[in-house]
Each structure stands twice: as C-alpha cells, then as structure tokens.
Amino acid sequence: EKIENVAVEDRSFSSITMSMDPEKLSEAKIIIKDFRKKMSALFKEGTPSEVYQLSIQLFPLSNLENKKSNKRMVQ
C-alpha cells in the first residue's frame, strides 16, 4: 500500500544480489551494524515528525544445506 501511496521522493527501495565468500559474513554483519548505528545517529538530530522503517536483510539465495552435505561427503 505504501509503495502505491507514498511519493518516490519520500521513500527509497533498493537491493543488490551478489556472489560472496561466506567467510566474509561476520565482516558484513559488522558493516551492517555500523550502518544502522550511523542512520540512528543521523535521525536523532532535528525535530522528528514522521516514522520510517529501515530494513536490511542479508541471507543466502543458494542452497546452503546441499553445499554442507557435499562438504561432509568429500571429507
């Protein structure tokens, strides 16, 4: 409903699909946490008059279970 009723200049939707090394997941989580802290600090300034929701998701699209099973078979 909000996508249809809120003007483009009053919202932002974006996403990225990328390949990544799972070994970097902990580093990615730290970067996301830092970003959330910066956003929170930015909006503590001024006089709040609206409520916004910021959502960040990072999850695998590939099938991790198959990869884990294959690793166990190889070892």
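Helices here are DSSP runs of H or I with at least four residues, strands are E runs of at least two, and both are numbered from the N terminus. The model is a predicted one, so to speak of local features takes a pLDDT of at least 70 and side-chain atom pairs count only at pLDDT 80 or more, while totals for chains, interfaces and linings use all residues. Residues are numbered from 1 along each chain as its sequence is written, and side-chain values use heavy atoms, leaving out hydrogens and water.

The protein turns out to have 3 helices and 0 strands, in the order α-α-α along the sequence. Helix α2 takes in residues 25–44. Its 20 residues stretch 29 Å from first C-alpha to last, close to the expected 28 Å (1.5 Å times one less than the number of residues). Just past α2 comes Gly46, with a positive phi of about 85°.

The largest pocket has a volume of about 2200 Å³. A pocket is an open set of points on a 1 Å grid where a 1.4 Å probe fits, with protein on both sides within 12 Å along at least five of seven lines, and lining residues have an atom within 4 Å of a point. The lining runs to 47 residues, with Ser14, Ser55, Ile56, Gln57 and Leu58 nearest the centre. Helix α2 contributes the most, 8 residues, while α1 (2–5) and α3 (64–74) each give at least two.

Note on methods: Points joined across faces, edges and corners; volume = space filled by probe spheres on them.
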